[in-house]
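Please open the model in a viewer and keep the selection tool at hand. The stops below are arranged so that each selection leads to the next.

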Amino acid sequence: MAAADELAFHEFEEASDLLAETPDAATTSGSNQLTPQGHVAVAVDSGGSYGAEEEVEESDRTALLQEEKQQPGFWTFGYYQSFFDVDTSQVLDRIRGSLLPRPGHNFVRHHLRNGPDLYGPFWICATLAFVLAITGNLTLVLAQRRDPSIHYSPQFHKVTVAGVTIYCYVWLVPLALWAFLRWRKGVRERMGPYTFLETVCVYGYSLFVFIPTVILWLIPVPWLQWLFGGLALALSAASLVFTLWPVVREDTRLVAAVLLSTVVLLHALLAVGCKPLPLAHPAPPTQAASLSPDLPPPPTARAHTT
Amino acid sequence: MAKAAESSGDPGTASPRPLFAGLSDISISQDIPVEGEITIPMRSHIREFDSSTLNESVQNTIMRDLKAVGKKFMHVLYPRKSNTLLRDWDLWGPLILCVTLALMLQRSSIDSEKDGGPQFAEVFVIVWFGAVTITLNSKLLGGNISFFQSLCVLGYCILPLTVAMLVCRLVLLAEPGPINFMVRFFVVIVMFAWSIVASTAFLADSQPPNRKALAIYPVFLFYFVISWMILTFTPQ
């Protein structure tokens with residue numbers, strides 16, 4: 001028995017390696033199927049039977065685990081505790097996985113491994129909201145040091161705006177994505193859709209790269225700011241796209257393209273909204289701050305300064 | 001009439017006897033009187049306590065509570081691994097500290113609505129909802145501290161930051177300048193570190209060992225935000 005278990009563990013790692021080598025091969029999601037024999041569709045060139053054995057063993061194991069796990073009702077505390085069942089090392093590993101996306105390296109399957117957590121998304125969003133507000137404040141301070149005529153104020157409302165925006169993004173966009181993927185479920189045979197929590201997890205962890213970026217945006221060199229912004233957006237969007245690609249590629253080309261481009265576009269909007277725009281000379285106090293919490297004085301003043 | 005204790009089973013029985021099985025065979029002789037008083041010190045103490053607090057003067061009541069709060073302040077200022085904060089939790093100290101901090105941090109009414117420091121209500125909400133969120137987080141991660149104990153610890157550990165606020169307020173009476181800012185920055189940093197050390201000393205033991213960092217990080221964020229609010233405070 002021990003030998004078989006060891007073998008199963010190694011096979012799991014090799015499954016991801018096989019995926020990386022042959023992107024056409026797809027592993028079936030064991031959670032959706034209890035009779036794996038009829039649904040194994042692994043297109044592996046060499047070692048076909050080896051691949052089939054992997055499928056059966058992995059889906060057998062996950063099926064067993066699913067039966068054993070008993071979900072408590074959602075009104076009990078234990079239900080919510082199951083979403084926080086992570087260790088420090090696991091959270092750090094997930095953050096590392098979102099920072100370095102690799103093609104074929106599915107974040108959900110490789111890092112989450114059917115154990116999504118809410119700790120990461122929640123605290124990453126909270127940190128990002130506070131860091132945004134604080135750096136917005138700091139840019140104002142630094143600008144005032146260079147140009148004493150700018151009126152400094154703590155601008156506490158930025159925290160609220162930033163917080164609400166980020167939390168809405170991390171909850172509503174995955175909700176829409178998850179609903180859309182479930183709606184298109186009929187088209188897909190091989191891979192089941194992600195659960196809602198897994199989608200929230202992917203989005204939450206993908207926002208981590210913005211935290212150091214926002215801090216680095218304090219450097220008041222414009223082309224450097226655009227460089228950092230582009231880098232952060234690329235990493236973050238790549239992580240999202242690589243995770244969504246196995247689910248979406250079985251759909252029609254049009255739907256896949258539209259979905260992925262919408263995801264990237266929304267992410268870019270968030271990134272642009274966070275980026276501090278160059279401050280100009282002081283102007284009368286602005287109207288309500290919109291999506292970009294660091295919006296400077298109104299455009300008319302900026303036009304005058306150039 | 002003493003009853004002889006019967007032999008406790010045949011020596012040769014192979015079946016294992018349950019524990020203390022032979023006790024039921026022993027009976028106490030009636031000519032050995034058993035007398036005495038059984039007092040449960042805790043309960044009688046409390047009963048005496050209760051009846052006396054009704055009659056005591058208001059000053060006594062207030063002083064007793066103030067002394068308890070003061071004792072906990074001392075525990076925060078000199079953090080050692082002790083259980084006093086956890087065992088006799090109370091929320092008076094956090095309330096006093098939070099109200100003081102919010103009163104000192106609120107912006108004057110001359111400031112415009114949007115561009116300014118936090119209002120009294122905002123500081124209050126941040127402190128209490130922040131503490132509640134951290135407590136929920138640590139309980140969800142599997143910590144075995146009770147809800148109010150955790151609120152008590154987090155609230156009391158704001159004391160160093162309140163002291164920092166007082167010092168900053170005094171320093172701001174002097175002329176503004178880089179030295180002014182440096183002094184305030186230094187004071188806030190030191191008090192922030194003190195808060196973190198104090199709360200970690202009390203809270204870290206109640207977390208599962210491989211999740212300590214996960215539970216402490218929100219505390220760090222919480223005190224960081226409060227320190228930021230203190231540091232950026234500008235009187236109008």
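The tour goes from the interface between the chains to a single residue and then to the aromatic rings.

This is a predicted model, in which local features need pLDDT of at least 70 and side-chain atom pairs count only at pLDDT 80 or more, while totals for chains, interfaces and linings use all residues. Residues are numbered from 1 along each chain as its sequence is written, chains are lettered from A and ligands numbered from 1 in the order in which they are written, and side-chain values use heavy atoms, with hydrogens and water left out.

**The interface**

Select the residues of chain A and chain B that are in contact (heavy atoms within 4.5 Å). Chain A supplies 25 residues and chain B supplies 28. About 2600 Å² is buried between the two chains, and carbon and sulfur atoms give 67% of that area. Buried area here is the accessible area (1.4 Å probe) that two parts lose on being put together, summed over both.

Next, select D85(A) and R211(B). These residues form a salt bridge whose closest N and O atoms are 2.8 Å apart; the term requires a side-chain nitrogen of Lys or Arg within 4 Å of a carboxyl oxygen of Asp or Glu. The count between the chains is two salt bridges. On the side of chain B that touches chain A, the elements giving two or more residues are α5 (120–140) and α9 (212–231) of chain B. The largest share, eleven residues, comes from α9(B). Helices are DSSP runs (H or I, at least four residues), numbered from the N terminus.

**L214(B)**

Within helix α9 of chain B, select L214(B). Is L214(B) buried or exposed? L214(B) counts as buried because its relative accessibility is 4%, where buried means under 20% relative accessible area, exposed over 50% and partly exposed in between (1.4 Å probe, protein chains only). Not counting residues up to four places away in sequence, L214(B) touches V86(A), D87(A), T88(A), V91(A), Y119(A), N137(B) and L141(B). The C-alpha atoms of L214(B) and L141(B) are separated by 8.2 Å, although the two residues lie 73 residues apart along the chain.

**Aromatic rings**

Finally, select F192(B), Y217(B), F220(B) and F224(B), which ring pairs link into a cluster. Rings of Phe, Tyr and Trp (its six-membered ring) pair if their centres lie within 6.5 Å; planes under 30 degrees apart count as stacked, over 60 as edge-to-face and the rest as tilted. Over all chains there are 20 aromatic pairs. One of them joins Y80(A) and F83(A), edge-to-face at 6.4 Å centre to centre with 75 degrees between the planes. Y80(A) is partly exposed at 37% relative accessible area, whereas F83(A) is buried at 13%.
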